[in-house]
Amino acid sequence: MKKTLIRLISIFLLTFLFVNYGSTQTASKSGNNDSETVYLIKWKNDYYYVKGKQEIQKVLNQLPKKRENPFKSLEYVLLSFNTDAYAATDTIYFINNKKLITSKSESVYFEINRKDHNYRNNKGTIYKLPDESEVDKIFSELNKAVRKEIKSTNHKEIRDLIPKLLEEEKVLCVENIAMLNDIDVYYKIYVPASSKEEMTSPRISDISDEIGLSGKSAIDLMPVIYHPETQEAELSVHGTIEDYNKIKKYRKSEYHEASYELTLRYYEKL
């Protein structure tokens, strides 16, 4: 009875993963079937691209469709409790409006795991990978692309570059645009307190909940500066402008943007 139950749970998990994976991939491609759709291929340390669903299908049809042992697929499912256990070394991305989102639910169209010698399509079906030399030949006949990077501590400069790159015909896509457009800020809030010791970890957590800070913002536990003349504790906060604007109850400083190095990655036709 116990073995039967374990078998049923395993089958259910396998079905759920494949159906869910396929549905998210289908949803990400809806409304984008025109011939100008771009598929960006990362293979080893090189990049290639094709335009249109028919063209990418011609490429994929050259890969043998010999299915992986079903127990291998089951192994990935049993390991996938919080995250997907399939570890792709190479990827084919579906590019929507020149925006590359590097999460499985949005941009991944096809995955290759050279370590385990298999590949997975957008429906979650896993096949055996042919000899790498065969894949080398298939991809080498495609148009090549190159990844470029711009690094800057001036985040506004990075944000201003994005629309300019999207207008350039030779640019295939820009990576993680939404993340790069987030404005990361630092500021202080001043909370009524009788002493510095009052600002314990639970108290600071309560203040965060009271303000309604999102997961993108956090109040630093240290340092806490106490101002006896105003009976206030000065707390440092790091997060978003949206969270900054939520703070109405407590006095706050002007915010300033973060100045750590930010990397803008984009892909161009060769």
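**Surface, contacts and two residues**

Analyst: The model is predicted. Its accessible surface is about 15,600 Å², and carbon and sulfur atoms account for 54% of that.

User: How many helices and strands are there in the protein?

Analyst: The protein has eight helices and 16 strands. Of its 270 residues, 41% are buried.

User: Why does N121 count as buried?

Analyst: Buried means under 20% relative accessible area. N121 has 15% relative accessibility, so N121 counts as buried. N121 sits in the loop between β6 and β7 (126-128).

User: What makes the approach of the N121 side chain to the backbone nitrogen of T125 a polar contact?

Analyst: The side chain of N121 reaches that nitrogen of T125 at 3.0 Å.

User: Where is H117 found, and which residues does H117 touch?

Analyst: H117 lies in the loop between β5 (108-113) and β6 (118-120). Leaving out residues up to four places away in sequence, H117 touches E68, Y127, K128 and L129. Touching here means heavy atoms within 4.5 Å.

User: What lies 3.3 Å from a polar atom of the H117 side chain?

Analyst: That is the backbone oxygen of R114. Since the cut-off is within 3.5 Å, 3.3 Å therefore counts as a polar contact.

User: How far apart are H117 and D131 in sequence and in space?

Analyst: H117 and D131 are 14 residues apart in sequence, and their C-alpha atoms are 8.5 Å apart.

Methods. Residues are numbered from 1 along each chain as its sequence is written. This is a predicted model: local features need pLDDT of at least 70, side-chain atom pairs count only at pLDDT 80 or more; totals for chains, interfaces and linings use all residues. Side-chain values use heavy atoms; hydrogens and water are left out. Helices (H or I, at least four residues) and strands (E, at least two) are DSSP runs, numbered from the N terminus. A polar contact is a pair of N or O atoms within 3.5 Å; within protein, one must be able to donate a hydrogen and the other to accept it, and residues adjacent in sequence count only if both atoms are side-chain atoms. Buried means under 20% relative accessible area, exposed over 50%, partly exposed in between (1.4 Å probe, protein chains only). Accessible areas come from the Shrake-Rupley method with a 1.4 Å probe; for residues, only the protein chains shown count as cover.
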